[in-house]
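This briefing goes through one protein model by topic. Please keep the sequence and the coordinates open while reading.

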Amino acid sequence: PLLMGCFEAQAGPKYGPNASPLSKGTNQQYFRENAAPDYWALAPYYVPQPTKWTCSAANISMVLNAARTASPLTSDDKLVTVESLINEHSNERYKKVMVGGGSSLLLDRAAISNEHLAEVIRGAFDHVGVKGEKVSVQLFNVDLKNKEKSRKEFVAALEANEGSANDFLIISFMQGALTGDPEGGAHVATVAAYDSKRKLVLLMDPDREWYEPYWSPRDAVFAAIADPKSDGKNPGWIQVRVR
């Protein structure tokens, strides 16, 4: 007789068709042909999200550290960690959601909207000593009635982002649309590179329990961003510039 419960469904591939992991040598030619300033600025500070709901905090801490590489830091200047970002460099509303976890997220989706993340990023830069006129944090919302217009804006942002390590793009997107995981819901990652020749975007996904940096087709990334479920209020992306 068959022993019920002894069999598990066969696992699928690690990555879906819209994600190609960096460890497989994917798109190595990009690094041979381009300076990749954002990748080299972000890579030393690429950290995992410690919980399922702290993806935004992992990305903000990474960007804060990368943005300060040109600053004259001293032996008293600590690196920003996910924990210090939440507990020392963010507002009380964000801290409540990050510490409270899943229940808080369900009660207050607006607390982790792109609008609120932009507010947290501005405040965090002030806390770590990169202030005011030196930092520009701009929120771009997808026009759901004219997605093609927003797609062109996103492409322009990617192209401009490749010019230096002085600006960064943080996106909210539906993770499963790229990784193929049906449980991959609303998520946050940072753009590490854009290959305009091959129309590929390299994402620093902080979900390190499951993933590493992966290349995804540009238009698939935009579609994952434009999904209304990707944000508590309005789907879009955040551009951080440091003069």
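The points below cover the sheet, the helices, the nonpolar cores, the aromatic pairs and some loop residues.

The model is predicted: local features need pLDDT of at least 70, side-chain atom pairs count only at pLDDT 80 or more, and totals for chains, interfaces and linings use all residues. Residues are numbered from 1 along each chain as its sequence is written, and side-chain values use heavy atoms, with hydrogens and water left out. An open sheet of 7 strands has antiparallel pairing, and the largest nonpolar core has 45 residues.

**Sheet**

- The strand order in the open sheet is S1-S6-S5-S4-S3-S7-S2; strands (E, at least two residues) and helices (H or I, at least four) are DSSP runs, numbered from the N terminus.
- S1 and S2 (135-141) are the edge strands, each pairing on one side only; two strands pair if DSSP finds at least two bridges between them.
- Strand S4 (residues 186-195) runs antiparallel to S5 and is joined to it by 5 bridges.
- Within this pairing, Val191 has Leu203 as its bridge partner, and Tyr194 has Val201.
- S4 and S5 form a hairpin with 4 residues between them.
- S5 also pairs in the antiparallel sense with strand S6 (residues 214-217), over 4 bridges, and there Val201 stands opposite Ser216.

**Burial of S5**

- In strand S5 (residues 200-204), 5 of its 5 residues are buried; buried means under 20% relative accessible area, exposed over 50%, and partly exposed in between, with a 1.4 Å probe and protein chains only.
- Both faces of S5 are covered, with Leu200, Leu202 and Met204 buried on one side and Val201 and Leu203 buried on the other.

**Helices**

- H3 lies across S3 (167-174), S4, S5 and S7 (236-242), and runs at about 35° to S4; axes are lines fitted to C-alpha atoms, for helices over the stretch in contact, and angles run from 0 to 180 degrees between N-to-C directions.
- Helix H10 (residues 218-226) lies across S3, S4, S5, S6 and S7, at about 65° to S3.
- The buried residues Tyr94, Val97 and Met98 are in H5.
- Seen down the axis of H5, the buried residues fall within an arc of 95°, so they line one face of the helix; the arc is that of the directions from the helix axis to the C-beta atoms.
- On the face of H5 turned away from its buried side are the exposed residues Glu92, Lys96 and Val99.

**Nonpolar cores**

- In the largest core, Leu85, Tyr94 and Phe125 have the most contacts inside it; a nonpolar core is a set of buried Ala, Val, Leu, Ile, Met, Phe, Trp, Tyr and Cys residues joined through side-chain atoms within 4.5 Å.
- Helix H3 (residues 55-67) gives the largest share of this core, 9 residues.
- Another core, of 25 residues, lies apart from it and has Ala19, Tyr194, Tyr211 and Ala224 among its members.
- Leaving aside neighbours within four places in sequence, Leu85 is in contact (heavy atoms within 4.5 Å) with Ala57, Ile60, Ser61, Leu64, Val80, Ser90, Tyr94 and Ala124.

**Aromatic pairs**

- The whole structure has 12 aromatic pairs; rings of Phe, Tyr and Trp (its six-membered ring) pair if their centres lie within 6.5 Å, and planes under 30 degrees apart count as stacked, over 60 as edge-to-face and the rest as tilted.
- Phe31 is partly exposed at 24% relative accessibility, whereas Tyr39 is buried at 14%.
- A cluster linked by ring pairs holds Tyr30, Phe31, Tyr39, Trp40 and Trp215.

**Loop residues**

- Asn27 is not a glycine, yet has a positive phi of about 55°.
- Asn27 lies in the loop between S1 (20-21) and H1 (28-33) and is buried, with a relative accessible area of 7%.
- Lys199, in the loop between S4 and S5, also has a positive phi, near 55°.
- Lys199 is partly exposed, at 41% relative accessibility.
- His89 is in the loop between helix H4 (82-88) and helix H5 (92-100) and counts as buried at 13% relative accessibility.
- Not counting residues up to four places away in sequence, His89 touches Val80, Ser84, Val120, Gly123, Ala124, His127 and Val128.
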